Amino acid sequence: MIWWLDLMLFAVLVATAVLALRTRDLLTAVGLMGVFGLVAALLFTSMQALDVTFVEAALGAGVTGVLLITAVLHTTRRTTPVGRRSRLSRWFIVPLIGLLALVLYTTTGLPDRGDTAPPGAAGVYIERSLADTQTPNVVTAILADYRGHDTLGETLVIVVAAAATMLILRRRPDESAAVPAETVVGPHGSEVVRVVSAHLVPFVATYGLYVIAHGHYGPGGGFVGGAILAVAAILLCLTARDDISRRVLPRRLGPVAIAAGALVYLAAGIAPMAADGNFLDYGVLASGDVLPARARYLMILIVEIGVGLAVFGAMLTIFDQLTGRHRRTSTPTAPTEGEAAL
Amino acid sequence: MTGLSNVLVVAGVFFFVAATVGLLRLPDVFSRSHAVAKAETLGLALVLIGLAARPGVTGDVVVRLVMLGAIALIGNPTAAHAITRAARRAGEQPWTLDDGHRDQQEGSS
């Protein structure tokens, strides 16, 4: 930990956040939020929280930017100027400052960074997770096993977000297909971009699957892996011909992946109950050669796969809904000669 | 080996700084992208080679560094190409000598 590097990164972080709030151009704000995600990821790296770094880099600096840009294309690029703030609204700052002071005060009770034997539950997790779950990555053991209820809740939050997007943007069959005026999907006009993306997509997708399966041993797991899979899918939609992306990623794939992922997680929770255990208490599934620790190890993998499916499906569904990818009736006309030369 | 590694990393950092100066000082999106894409790709390659040359770096780390370099070597120019192409299509005009003369006159008057 280099304290002046941390301080510098933190200053840049705050500066980007303030600039993103103050700019009138929403696309600029999206770009600044990408920078914010990247700097936050660097800060997490300097705290050696690589799992969080990974999530922030894939989601904060990656997928979120694409989703926000498609949302801006759907709505408006300029924010309406805010009128003079009323005298009353200024007083809202007082409880906010109080809350900030409270949060800062509670951080004094946190164990030091890198403390291997902190008091309370954290110390127990660090001490016993390898014996309990055969999982060297403590973060994965906590997320998918000890705190399985929390992770289930987080997964369901993402499912609800995707469902809400579908409900808000849905069109009845009799309504004309509302496709944003500027569209980002479809074949990219540049052959360089098309060829490079076509060759990158399988590698990115393979990497996403690797990250989902490798969460036991390294940073990663279902959330990041699902997001990286979604990056591959979105890159394909952004650059490949419509008929290709529709064949690889059919209309129903997103929602089906969400439902399958959530059901896999719920099933993993209910299975121990069938063996007279508690919800999400994988240890009771042990039988014969499979020791309780091994059962927990295997169930963590199943849970990660469920989370990965749900996150991938949610990202793809939100992207599909915002771009209206499947509602587009015709592919845009081929680039004219002048454009093709660019 | 450490000396060679240090020289390579410092050389890489020099190109990063050059890219940043170009981004701040050059007049339009095309020349800025030109400076950043080229100098940054070279700088990253030099830093990665420098890290790979460090004593104690094992084979599997070298493989990862090579893969990082390959991704950057493909991704950086492609991204720069896509950005400048989008700028051109959005109507951005390249900076010319005429613009330079006009800026100079406005600056002096």
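This is a predicted model: local features need pLDDT of at least 70, side-chain atom pairs count only at pLDDT 80 or more; totals for chains, interfaces and linings use all residues.

Q: What makes A:Y207 and A:Y210 an aromatic pair, and why is the pair called stacked?
A: Rings pair if their centres lie within 6.5 Å, and planes under 30 degrees apart count as stacked. For A:Y207 and A:Y210 the values are 6.1 Å centre to centre and 25° between the planes.

Q: Why is A:Y207 called partly exposed?
A: Buried means under 20% relative accessible area and exposed means over 50%, with partly exposed in between. A:Y207 has 39% relative accessibility, so it counts as partly exposed. A:Y210, at 44%, is partly exposed as well.

Q: Why is the pair of A:Y217 and A:Y297 called edge-to-face?
A: The ring centres of A:Y217 and A:Y297 are 6.5 Å apart and the planes stand at 65°. Planes over 60 degrees apart count as edge-to-face, so this is the term for the pair.

Q: Why can the pair of A:Y217 and A:Y297 be said to tie parts of the chain together?
A: A:Y217 lies in the loop between helix 8 and helix 9 of chain A, whereas A:Y297 is in helix 12 of chain A. The pair therefore links parts that are 80 residues apart in sequence.

Q: How many aromatic pairs does the structure hold, and which residues form one aromatic cluster?
A: There are five aromatic pairs over all chains. A:F54, A:Y207 and A:Y210 form one aromatic cluster.

Q: What makes up the largest nonpolar core?
A: This core has 48 residues, and those touching the most other members are A:V63, A:L249, A:Y265, A:V303, A:V311, A:F312 and A:M315. Several helices of chain A each supply at least two residues, including helix 3 (50-74), helix 8 (191-213) and helix 11 (253-274). Helix 12 gives the most, with 13 residues. Another core, of five residues, lies apart from this one, and A:L9, A:V39, A:A40 and A:L43 are among its members.

Q: Which residues does A:M315 contact, leaving aside its neighbours within four places in sequence?
A: Contact means heavy atoms within 4.5 Å. With those neighbours set aside, A:M315 is in contact with A:L59, A:V63, A:L67 and A:A230.

Q: What lines the second largest pocket?
A: The lining has 41 residues, and A:M47, A:Q48, A:A49, A:V52 and A:V139 lie nearest the centre of the pocket. The volume of this pocket is about 1,200 Å³. Helix 6 of chain A provides the largest share of the lining, six residues. By type, the lining divides into 25 nonpolar, ten polar and six charged residues.

Q: How many helices and strands does chain A have?
A: Chain A has 13 helices and zero strands. Of its 342 residues, 36% are buried. Among contacts between residues at least 6 apart in sequence, 72% join residues at least 24 apart.

Definitions and conventions:
Residues are numbered from 1 along each chain as its sequence is written. Chains are lettered from A and ligands numbered from 1 in the order in which they are written. Side-chain values use heavy atoms; hydrogens and water are left out. A nonpolar core is a set of buried Ala, Val, Leu, Ile, Met, Phe, Trp, Tyr and Cys residues joined through side-chain atoms within 4.5 Å. Buried means under 20% relative accessible area, exposed over 50%, partly exposed in between (1.4 Å probe, protein chains only). Helices (H or I, at least four residues) and strands (E, at least two) are DSSP runs, numbered from the N terminus. On a 1 Å grid over the protein atoms alone, a cavity is a set of points where a 1.4 Å probe fits but cannot get out, and a pocket is an open set with protein on both sides within 12 Å along at least five of seven lines; lining residues have an atom within 4 Å of a point. Grid points are joined across faces, edges and corners, and a volume is the space filled by probe spheres set on the points. Ala, Val, Leu, Ile, Met, Phe, Trp, Tyr, Cys and Pro count as nonpolar, Asp, Glu, Lys and Arg as charged, and the others, Gly among them, as polar. Rings of Phe, Tyr and Trp (its six-membered ring) pair if their centres lie within 6.5 Å; planes under 30 degrees apart count as stacked, over 60 as edge-to-face and the rest as tilted.
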